[in-house]
Amino acid sequence: MFKQIGALILAIGLSLNAFAAEKSNATLKKVSQKYRTTKLVEMKVEKIDKLVLQGRENKFEGTLAISSGKIRWENTTPEKSLLVFDGTTIWSIQYPPKEFGGDPQIARGKVNKKNKSQTIIATLLGGDLQGNFKVTDEKTDGDQSTLSIVPLKDDLSIKDIKLVVNTKKVVVDQISYQDDVQNVTTMKFSDVKFKSSVKKSLFKYEPPKGVPVTDL
């Protein structure tokens with residue numbers, strides 16, 4: 001009798017888990033398809049870095065453009081900076097405060113395991129979500145769904161990745177993840193626009209002549 005009840009509970013549990021996984025994958029598939037099939041996605045972004053070991057928090061505000069895995073991320077607050085990824089090369093440009101003037105600090109590099117987290121946003125919003133991640137949990141509250149996902153390959157130095165999706169609009173409202181030293185990064189998106197055309201120059205960068213370029 002107890003074995004039969006136990007088997008029934010186990011069967012119900014497995015059925016519910018299968019249903020939850022199916023629902024989660026459907027949500028992931030829907031949002032992934034929308035971002036991947038759109039020529040250009042532009043949005044405002046607020047990025048918050050909680051530096052656990054240093055006991056402080058940094059906040060950045062700017063704009064983000066994504067197209068076929070390419071990104072252009074311009075921060076305006078607290079300081080001006082630019083990150084461009086053309087699909088192969090990462091460009092990181094840090095501008096000096098206006099009151100000081102001078103040349104920007106420019107760094108260039110190829111994507112590797114060490115710096116891949118800098119382009120994680122391209123993978124999460126412009127890449128093949130279903131092909132690169134699996135859903136481990138989904139919590140729904142009205143039109144908002146929070147997906148816990150893990151990478152299928154061990155090539156990212158981040159964990160505890162969460163996507164907050166507006167299931168009615170099919171847009172990602174927030175992404176958060178933790179790095180290997182427990183720092184937590186949270187990115188909140190607003191004014192998301194899906195566009196049917198894109199200028200290739202948006203994801204190109206040419207350093208000013210005479211300004212040195214360092215390696216990432």
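**Salt bridges, strands and one buried serine**

A salt bridge joins the side chains of Glu 42 and Lys 195, with N and O 2.7 Å apart. The partners come from distant parts of the chain, 153 residues apart. Glu 42 belongs to strand E1, residues 40-51. Lys 195 belongs to strand E11, residues 184-195. The model is predicted, and these values are computed from it.

How exposed is this pair? Glu 42 is partly exposed, at 23% relative accessibility.

Lys 59 has a relative accessible area of 43%, which makes it partly exposed.

Lys 59 has a further partner. Its side chain meets that of Glu 61 in a salt bridge, 3.8 Å from N to O. Glu 61 is partly exposed too, at 33% relative accessibility. The general principle is simple: side chains of opposite charge can pair when their charged atoms come close. The model has eight salt bridges by the rule used here.

Strand E7 (residues 133-141) runs antiparallel to strand E8 (residues 144-151), and eight bridges join them. The hairpin of E7 and E8 has two residues between the strands. Gly 142 in this hairpin takes a positive phi near 65 degrees.

E8 pairs again, with strand E9 (residues 158-166). These two strands also run antiparallel, and six bridges join them. Within this pairing, Ser 145 stands opposite Val 165 in E9. E8 therefore has bridges to both E7 and E9.

Last, look at helix H1, which spans residues 2-37 and includes Ser 32. Is Ser 32 buried or exposed? Ser 32 is buried, because its relative accessible area is 5%, and the cut-off for buried is under 20%. What is the C-alpha separation between Ser 32 and Leu 129? The two C-alpha atoms are 5.8 Å apart, although 97 residues separate Ser 32 and Leu 129 along the chain.

Terms used: Residues are numbered from 1 along each chain as its sequence is written. This is a predicted model: local features need pLDDT of at least 70, side-chain atom pairs count only at pLDDT 80 or more; totals for chains, interfaces and linings use all residues. Side-chain values use heavy atoms; hydrogens and water are left out. Helices (H or I, at least four residues) and strands (E, at least two) are DSSP runs, numbered from the N terminus. Buried means under 20% relative accessible area, exposed over 50%, partly exposed in between (1.4 Å probe, protein chains only). A salt bridge is a side-chain nitrogen of Lys or Arg within 4 Å of a carboxyl oxygen of Asp or Glu.
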